[in-house]
Amino acid sequence: MTKQDRNFLKEYELNFKTAVNSDYSRNMPTAAIQRLEQIYFNETGIALKTNYTCGHCVLKTLKTIGKWYFENIKKDTDE
């Protein structure tokens with residue numbers, strides 16, 4: 001993963017925390033969600049299909065990426 005990708009993920013860490021822990025998400029630009037999905041796909045090989053006009057769908061995507069972020073990316077940068 002590139003440093004640029006890590007920095008981009010870090011920008012949305014608060015969004016991941018609220019999605020994973022509080023089952024809530026704030027409005028996010030579609031372009032940002034698409035970039036998060038692309039990073040996730042590049043790292044895991046799993047494509048997420050998100051309907052960007054569906055709040056529940058966006059929340060589900062943020063929870064999926066957030067769990068992956070905290071289990072893999074965040075712990076690697078903290079060590």
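Thr-50 is in contact with Glu-37, Cys-57, Val-58 and Thr-61, leaving aside its neighbours within four places in sequence; contact means heavy atoms within 4.5 Å. The model is predicted, so local features need pLDDT of at least 70 and side-chain atom pairs count only at pLDDT 80 or more, while totals for chains, interfaces and linings use all residues. Residues are numbered from 1 along each chain as its sequence is written, and side-chain values use heavy atoms, with hydrogens and water left out.

Thr-50 sits in the loop between helix 3 and helix 4. Helices here are DSSP runs (H or I, at least four residues), numbered from the N terminus. With a relative accessible area of 13%, Thr-50 is buried; buried means under 20% relative accessible area, exposed over 50%, and partly exposed in between, with a 1.4 Å probe and protein chains only. One of its contacts is polar: the side chains of Thr-50 and Glu-37 meet at 2.5 Å. A polar contact is a pair of N or O atoms within 3.5 Å; within protein, one must be able to donate a hydrogen and the other to accept it, and residues adjacent in sequence count only if both atoms are side-chain atoms.

Val-58 belongs to helix 4, residues 55-78. Its relative accessibility is 9%, so Val-58 counts as buried. Neighbours within four places in sequence aside, Val-58 is in contact with Ile-33, Thr-50, Asn-51 and Tyr-52. Ala-31 is 27 residues away from Val-58 in sequence, and their C-alpha atoms are 12 Å apart in space.

Helix 2 covers residues 13-22, and its buried residues are Glu-13, Asn-15, Phe-16, Thr-18 and Ala-19. An α-helix has 3.6 residues a turn, so residues three or four places apart point the same way. Glu-13 is buried because its relative accessible area is 11%. The side chain of Glu-13 makes a polar contact of 2.8 Å with the side chain of Tyr-69. Val-20, also in helix 2, is partly exposed at a relative accessible area of 26%. Val-20 touches Lys-63, Gly-66 and Lys-67, residues up to four places away in sequence not being counted. Val-20 and Lys-60 are 40 residues apart along the chain, with 9.2 Å between their C-alpha atoms.

Just after helix 2 comes Asp-23, in the loop between helix 2 and helix 3. Most residues other than glycine have a negative phi. Asp-23 is not a glycine, yet its phi is positive, about 55°. Asp-23 is partly exposed, with a relative accessible area of 48%.

The last stop is the packing of helix 1 (residues 3-11) on helix 3 (residues 30-44), whose axes come within 11 Å and cross at roughly 130°. Axes are lines fitted to C-alpha atoms, for helices over the stretch in contact, and angles run from 0 to 180 degrees between N-to-C directions. The two helices are therefore oblique to each other; angles under 35 degrees count as roughly parallel, over 145 as roughly antiparallel, 65 to 115 as roughly perpendicular and the rest as oblique. On the helix 1 side, Gln-4, Asp-5, Phe-8 and Leu-9 meet Ala-32, Arg-35, Leu-36 and Ile-39 of helix 3. The residues of this contact comprise 5 nonpolar, 1 polar and 2 charged, where Ala, Val, Leu, Ile, Met, Phe, Trp, Tyr, Cys and Pro count as nonpolar, Asp, Glu, Lys and Arg as charged, and the others, Gly among them, as polar.
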